[in-house]
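Thanks for coming, everyone. Please have a look at the model on the screen. I will keep this short.

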Amino acid sequence: IRGEEWLSSTPKHILLYKMFGWEAPEFSHLPLLLKDSGMKLSKRHDDASTEYYMKQGYLPSGLLNFVALLGWNPGTPQEQFTLQQLVQQFSLKKVQKAGAIVRSDKLDWFNQHHIRSLAESNFDQLVALATQELKSKYGNEIDEKYIIKVVRLLKDHVTLLSDFATNSERLFSEPDFQTIIKDFVNGLSSEDLQKKKEILKELIPILATLGDSIEDK
């Protein structure tokens, strides 16, 4: 099984097998993987390496699902597959002849789905993967129980594993309330500012009664 660029050389290869007295194998040629520009995806570039995508935060299952559907179609509307399902359903007879375009937005869509599926099927594994990302950015002193809360909060809103770190900065740092309030006030008209003051006066007693209950929830 090899790329279609070897198709024109196949007669020569079969002839070589015959000349050496070897039994020639059955050859299958797969369509090339193409960039959005229509150019061939080359191993000389990072984006043709599985290691590149793994470092970006893609799950192996999401990447596998995406690659399996590049040039192959099961003949059904189904797009989400586990490895076992692919083993059962994949057939070279359903491989298309035209080259397949590698779309990063489609890969992101698959990976997001697989992260959500992992959260449902093996939440502990997802926590372990997210922990690596979080500790890599914020250090090893993060409380494990707090990490679980972060994962529960973000699991439906991330596309990559690395998003657990990049999307949680406000959860691991003290907010600069003075700057936030200053920026907020500067964007208000005098009339709006007066209305907001009146609303805050009503909210302050209510917020004071909440205490730490919000954090506990």
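Some ground rules. This is a predicted model: local features need pLDDT of at least 70, side-chain atom pairs count only at pLDDT 80 or more, and totals for chains, interfaces and linings use all residues. Residues are numbered from 1 along each chain as its sequence is written, and side-chain values use heavy atoms, with hydrogens and water left out.

Helices first. Two packed helices are described by the angle between their axes and the distance between the axes. Helices (H or I, at least four residues) and strands (E, at least two) are DSSP runs, numbered from the N terminus. Axes are lines fitted to C-alpha atoms, for helices over the stretch in contact, and angles run from 0 to 180 degrees between N-to-C directions.

Start with helix H3, residues 60-68, and helix H5, residues 104-121. They pack at about 135 degrees, with axes 8 Å apart. That makes H3 oblique to H5. The cut-offs: under 35 degrees is roughly parallel, over 145 roughly antiparallel, 65 to 115 roughly perpendicular, and the rest oblique. Who makes the contact, meaning heavy atoms within 4.5 Å? From H3 we have Ser61, Gly62, Leu63, Asn65 and Phe66. From H5 we have Lys106, Leu107, Phe110, Asn111 and His114. By class, that is four nonpolar, five polar and one charged residues. Here Ala, Val, Leu, Ile, Met, Phe, Trp, Tyr, Cys and Pro count as nonpolar, Asp, Glu, Lys and Arg as charged, and the others, Gly among them, as polar.

Next, H5 and helix H6, residues 123-138. Their axes come within 5 Å and cross at roughly 125 degrees. H5 and H6 are therefore oblique to each other. H5 brings Ile115, Leu118, Ala119 and Ser121. H6 brings Phe123, Gln125, Leu126 and Leu129. The tally is six nonpolar, two polar and no charged residues.

Then H6 and helix H7, residues 144-154. The angle is about 105 degrees, and the axes are 10 Å apart. H6 and H7 are therefore roughly perpendicular to each other. Among the residues that meet are Phe123 and Leu126 in H6, and Ile147 and Val151 in H7. This contact has nine nonpolar, one polar and three charged residues.

Now the rings. How many aromatic pairs does a search of the whole structure find? Eleven. Rings of Phe, Tyr and Trp (its six-membered ring) pair if their centres lie within 6.5 Å; planes under 30 degrees apart count as stacked, over 60 as edge-to-face and the rest as tilted.

Tyr17 and Phe27 are an edge-to-face pair, 6.4 Å centre to centre, with 65 degrees between the planes. Tyr17 sits in helix H1, residues 10-19, and Phe27 in the loop between H1 and strand E2, ten residues apart. Tyr17 counts as partly exposed at 26% relative accessibility. Buried means under 20% relative accessible area, exposed over 50%, partly exposed in between (1.4 Å probe, protein chains only). Tyr17, Phe20, Trp22 and Phe27 form one aromatic cluster.

Buried or exposed: where does Tyr53 fall? At 15% relative accessibility, Tyr53 counts as buried. Tyr52, at 31%, counts as partly exposed.

Last item. Ile206 is in helix H10, residues 190-208. Ile206 and Phe20 are 186 residues apart in sequence and 88 Å apart in space, C-alpha to C-alpha. Over to you.

Technical notes:
Contact = heavy atoms within 4.5 Å.
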